[in-house]
Amino acid sequence: MMSLADELKLFGMQNLLLETELHKLETRGIQIEHPKTIVKAEVVDVDLFENTIMKEARKMADFYVLYYAIENSIRRLISETLEEKYGPTWWAAKVPEKVRPEVEKKQKEERESAMVIRSEDPLTYTNFGELIDIFAANWADFSDILRSEKSMRVTLSQLNKVWNLVAHSGRLHQDEIDRFN
């Protein structure tokens, strides 16, 4: 008999496999628009936009989701690793001096705007470049988790370049999509 944790893992993996197969069908030109099965109603009348633009937007939305997951997983790895080793004050003790003022500036700008404060956690205000700096400044704490500092820098720098295209409504070339996959 499987444990509940194992059943949940199996359920998650089966859903990922199904999602992959649905994506393959759409890649082959069979438009089943499976993401729409999750969303009950469109927030905006999508008929206002050209079909080709909407098709590109939906394709790029998948990459936004992946980047969101990657960036926040990296933040969680940093947070959990450094908190485990240095306690709850790790931010002040382990984040490079050049990163903290930038984060404080972003937090101040957000507090002074009409926007809702996204988080009290300063790590949520970091970008890929700042995450690289945090890894590099604490490499000894991550060297048993990540293969090499150079590889980490190159990978995160490439992700940052591609992220800029995704975040600013650019379109990824097929070579970048293939490399990402």
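Q: What makes the contact between Lys85 and Asp141 a salt bridge?
A: The side chains of Lys85 and Asp141 meet at 3.8 Å, N to O. A salt bridge is a side-chain nitrogen of Lys or Arg within 4 Å of a carboxyl oxygen of Asp or Glu, so the pair qualifies. The bridge links distant parts of the chain, with Lys85 in helix 2 and Asp141 in helix 6, 56 residues apart.

Q: On what basis are these residues and values stated?
A: The model is predicted, with local features requiring pLDDT of at least 70 and side-chain atom pairs counted only at pLDDT 80 or more, whereas totals for chains, interfaces and linings use all residues. Residues are numbered from 1 along each chain as its sequence is written, and side-chain values use heavy atoms, with hydrogens and water left out.

Q: Why are Arg153 and Glu149 separated by about one helical turn?
A: Arg153 and Glu149 are four residues apart in helix 7, and are therefore separated by about one turn. Arg153 has 35% relative accessibility and counts as partly exposed; Glu149, at 26%, also counts as partly exposed.

Q: What makes residues 51–86 a helix, and how does the reach of helix 2 compare with the expected span?
A: Helices are DSSP runs of H or I with at least four residues, strands are runs of E with at least two, and both are numbered from the N terminus. Helix 2 has 36 residues. The expected span is 1.5 Å times one less than the number of residues. Helix 2 reaches 52 Å from its first C-alpha to its last, close to the 52 Å expected. Just after helix 2, Gly87 takes a positive phi of about 85°.

Q: Which elements do the buried residues of helix 2 pack against?
A: The buried residues of helix 2 include Met54, Phe63, Tyr67, Ile74 and Leu82. The buried residues of this helix pack against helix 3 (90–94), helix 5 (128–137), helix 6 (139–142), helix 7 (149–167) and helix 8 (174–180).

Q: Why is Thr81 called buried, and which residues does Thr81 touch?
A: Thr81, found in helix 2, has a relative accessible area of 11% and is therefore buried. Contact means heavy atoms within 4.5 Å. Thr81 touches Asp141, Phe142 and Ile145, not counting residues up to four places away in sequence.

Q: Why is the pair of Tyr64 and Tyr68 called tilted?
A: Rings of Phe, Tyr and Trp (its six-membered ring) pair if their centres lie within 6.5 Å; planes under 30 degrees apart count as stacked, over 60 as edge-to-face and the rest as tilted. A search of the whole structure finds five aromatic pairs. The rings of Tyr64 and Tyr68 have centres 6.3 Å apart and planes at 40°, so the pair is tilted. Tyr64 and Tyr68 both lie in helix 2, four residues apart.

Q: What makes the pair of Trp90 and Trp91 edge-to-face?
A: Trp90 and Trp91 lie 5.8 Å centre to centre, with 75° between the planes, an angle over the 60 degrees set for edge-to-face. Trp90 is buried, with a relative accessible area of 5%, and Trp91, at 14%, counts as buried.

Definitions and conventions. Buried means under 20% relative accessible area, exposed over 50%, partly exposed in between (1.4 Å probe, protein chains only).
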